[in-house]
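Welcome, and please have your viewer ready. We will go from one selection to the next and look at what is there.

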Amino acid sequence: MRPKIYLFGDSITELSFGEGGWGASLANHFSRSADVVLRGYSGYNTRWALKVIDKVFFPADEPLAVTVFFGANDACLPDRYGAFQHVPVDEYKQNLHSIVCFLKRRWPTTHVVLITPPPIDEAARLLNPYAENKLGLPERTNEAAGAYAKACLSVASECEAPAVDLWTKMQQFPGWQTAFLSDGLHLTQGGNRIVFEEVIGKLKEDGLSLETLPVDLPLFTDIDPNDPLKAFGN
């Protein structure tokens with residue numbers, strides 16, 4: 001069987017197999033070396049993720065790597081319409097730590113890559129509410145997202161796990177609000193491309209790349225046209 005790479009996260013992960021999505025790009029990139037398996041759950045925070053993690057990952061399914069991409073929902077403000085998703089930043093940090101520990105206990109050799117929440121374009125969030133917004137205020141702010149990104153990086157350091165600092169990376173580009181975000185939160189194809197490139201980079205740093213992973217079954221170019229079946233052995 002091919003090894004697996006799991007993508008565990010919220011809607012930004014769930015949507016990643018759409019056209020131009022970072023998950024779809026990973027699946028294409030590793031098309032002959034690993035199966036990329038989507039485990040994205042729209043609206044979920046780390047509190048909910050920790051409740052269901054036993055149902056998501058089974059002991060026998062040891063993967064090469066798992067990306068853990070939560071925080072955008074935890075960072076919903078507690079006094080806005082997304083309050084039911086809010087998780088205090090200290091609890092978020094502990095939950096994320098517990099998720100990493102769960103994965104490393106279950107599969108000690110599996111590579112775990114953390115991804116921070118992206119930056120937030122508050123003006124766009126006002127134009128794209130997902131529920132009635134009586135206060136007329138965005139349910140997320142970029143400042144809050146930054147605090148959760150910082151907490152995510154802290155967990156990565158404590159757990160000695162690689163991390164993609166998406167919150168900082170995206171804001172290095174002028175016009176990131178529309179170049180990388182479709183509604184102030186979710187990703188455009190440009191935003192997806194950044195996540196893909198950053199994840200590929202972190203996996204490569206951990207020794208997981210097309211150069212190090214074997215391909216599945218003989219390549220067409222390795223098959224002898226005079227004796228094709230020889231390539232497949234007995």
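**Stop one: a strand residue**

Begin by selecting Thr-67, which sits in strand S3. Helices (H or I, at least four residues) and strands (E, at least two) are DSSP runs, numbered from the N terminus. This is a predicted model, in which local features need pLDDT of at least 70 and side-chain atom pairs count only at pLDDT 80 or more, while totals for chains, interfaces and linings use all residues. Residues are numbered from 1 along each chain as its sequence is written, and side-chain values use heavy atoms, with hydrogens and water left out.

Is Thr-67 buried or exposed? Its relative accessibility is 1%, so Thr-67 counts as buried. Buried means under 20% relative accessible area, exposed over 50%, and partly exposed in between (1.4 Å probe, protein chains only). Now show what Thr-67 touches: Tyr-6, Leu-7, Phe-8, Trp-22, Val-113, Ile-115 and Val-199, not counting residues up to four places away in sequence. Contact here means heavy atoms within 4.5 Å.

**Stop two: the aromatic rings**

By the rule used, rings of Phe, Tyr and Trp (its six-membered ring) pair if their centres lie within 6.5 Å; planes under 30 degrees apart count as stacked, over 60 as edge-to-face and the rest as tilted. Phe-8 lies in strand S1 and Phe-70 in the loop between strand S3 (65-69) and H4, so this pair ties together parts that are 62 residues apart in sequence. Phe-8 and Phe-70 are buried.

Next, select Phe-57 and Trp-107. With centres 5.8 Å apart and planes at 90 degrees, this pair is edge-to-face. Phe-57 and Trp-107 are both buried.

How many aromatic pairs does a search of the whole structure find? The search finds 12. One aromatic cluster to colour is formed by Tyr-6, Phe-8, Tyr-41, Tyr-44, Trp-48, Phe-57, Phe-70, Phe-84 and Trp-107.

**Stop three: helix H3**

Select residues 46-56, which make up helix H3, and pick out its buried residues: Thr-46, Ala-49, Ile-53 and Val-56. They cover an arc of only 75 degrees around the axis, which puts them on the same side of H3. That arc is taken from the directions from the helix axis to the C-beta atoms. An α-helix has 3.6 residues a turn, so residues three or four places apart point the same way.

Which elements do the buried residues of H3 pack against? They meet strand S1 (4-9), strand S2 (35-40) and helix H4 (89-106). Turn to the other side of H3 and you find Lys-51 and Lys-55 exposed.

**Stop four: two helices together**

Bring up H4 with helix H6 (residues 142-159). The two pack at an angle of about 35 degrees, with their axes 9 Å apart. Axes are lines fitted to C-alpha atoms, for helices over the stretch in contact, and angles run from 0 to 180 degrees between N-to-C directions. To see the contacts, show residues including Leu-96 and Val-100 in H4, and Ala-151 and Val-155 in H6.

Finally, select Glu-160, in the loop between H6 and strand S5 (163-164). Glu-160 has a positive phi of about 55 degrees although it is not a glycine. With a relative accessible area of 73%, Glu-160 is exposed.
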